[in-house]
Amino acid sequence: MRKPFIAANWKMNKTISETQEFIYNFIPELKDTSDVDIVLAPPFTSLRISAEKLKDTNVTLAAQNVFYEEKGAYTGEVSPLMLIDVGCKYAIIGHSERRQYFNETDEIVNKKIKAAKKAGLGIIFCIGESLKEREAGKTFDVLQREIEKGLNGIDSDNIIIAYEPIWAIGTGKTATPEQAQEAHAYIRERLNILYGNKADDFCIIYGGSVTPENVDYLMACKDVDGALVGGASLKVDSFMRIVKFRKES
Ligand code: PGA
């Protein structure tokens with residue numbers, strides 16, 4: 001049985017005081033949510049205060065990025081050990097915004113996953129096709145390439161796969177449950193080839209304009225095990241409605 005996994009990706013949003021305000025209103029809402037893994041990925045600058053304030057709750061922390069070296073002359077980068085040190089349990093790796101704006105290749109993504117795992121972090125590994133790739137019928141090819149290259153030489157422990165079609169991110173254009181299920185089933189099939197019968201244990205979460213309005217339908221899909229939520233995670237009300245999704249029968 002896979003436990004639902006719902007993560008908030010705040011991207012480059014919220015100052016420290018805005019983070020504190022969110023958490024202040026968030027904590028009382030966490031009653032009866034122990035059946036869901038809840039993860040918050042604030043910007044680096046808000047990690048420390050988040051770790052402090054969420055200490056006695058069931059919420060864990062993720063960083064939105066990480067570098068693959070342990071330490072040294074890499075101005076502006078943050079190492080896996082530093083993330084462990086500040087209280088992170090996960091790192092988001094391979095997000096399409098990092099691939100697109102910061103030129104992260106599959107090879108870089110693979111190095112980051114290796115380094116982060118070595119330090120003991122869980123990985124939220126993002127993959128997904130662009131609109132052009134989907135329209136050209138290349139969705140499965142892209143997913144296969146990203147999985148094979150990204151997970152090359154990596155064992156299966158503590159990896160969450162986030163399927164995030166790029167055309168659905170921040171656009172308000174969510175994948176239909178059929179599109180999500182089809183992609184998730186394909187991803188599980190590829191994981192089956194890589195990891196044998198462990199594929200059934202993987203949490204495969206969906207990201208791309210998840211909202212309180214569509215979460216129930218998405219979570220009703222057999223292979224959708226959770227959500228990576230951007231815009232709708234910035235407000236406590238909408239994020240909590242997503243955390244407390246209802247399975248459609
Ligand atoms: P969105 O972002 O929910 O704002 O579309 C999702 C993500 O990029 O993780």
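Let me begin with a term: a polar contact is a pair of N or O atoms within 3.5 Å, where, within protein, one must be able to donate a hydrogen and the other to accept it, and residues adjacent in sequence count only if both atoms are side-chain atoms. What we have here is a predicted model, in which local features need pLDDT of at least 70 and side-chain atom pairs count only at pLDDT 80 or more, while totals for chains, interfaces and linings use all residues. Residues are numbered from 1 along each chain as its sequence is written, and side-chain values use heavy atoms, with hydrogens and water left out.

Let me turn to the ligand. It is surrounded by 13 residues, and the closest include K11, H95 and E164, where a residue counts as near if one of its heavy atoms lies within 4 Å. A backbone N or O atom of G230 lies 2.8 Å from an oxygen atom of the ligand, and for a backbone N or O atom of G170 the distance to a ligand oxygen atom is 2.6 Å. Of the 280 Å² that the ligand exposes when taken alone, the protein buries 95%, with accessible areas coming from the Shrake-Rupley method with a 1.4 Å probe and, for residues, only the protein chains shown counting as cover.

Now to the helices, which are DSSP runs of H or I with at least four residues, numbered from the N terminus. Helix α5, residues 106-119, packs against helix α7, residues 139-150, at an angle of about 45°, with the axes 8 Å apart; axes are lines fitted to C-alpha atoms over the stretch in contact, and angles run from 0 to 180 degrees between N-to-C directions. Therefore α5 is oblique to α7, given that angles under 35 degrees count as roughly parallel, over 145 as roughly antiparallel, 65 to 115 as roughly perpendicular and the rest as oblique.

Key:
Helix = DSSP H or I, 4+ residues; strand = E, 2+ residues; numbered from the N terminus.
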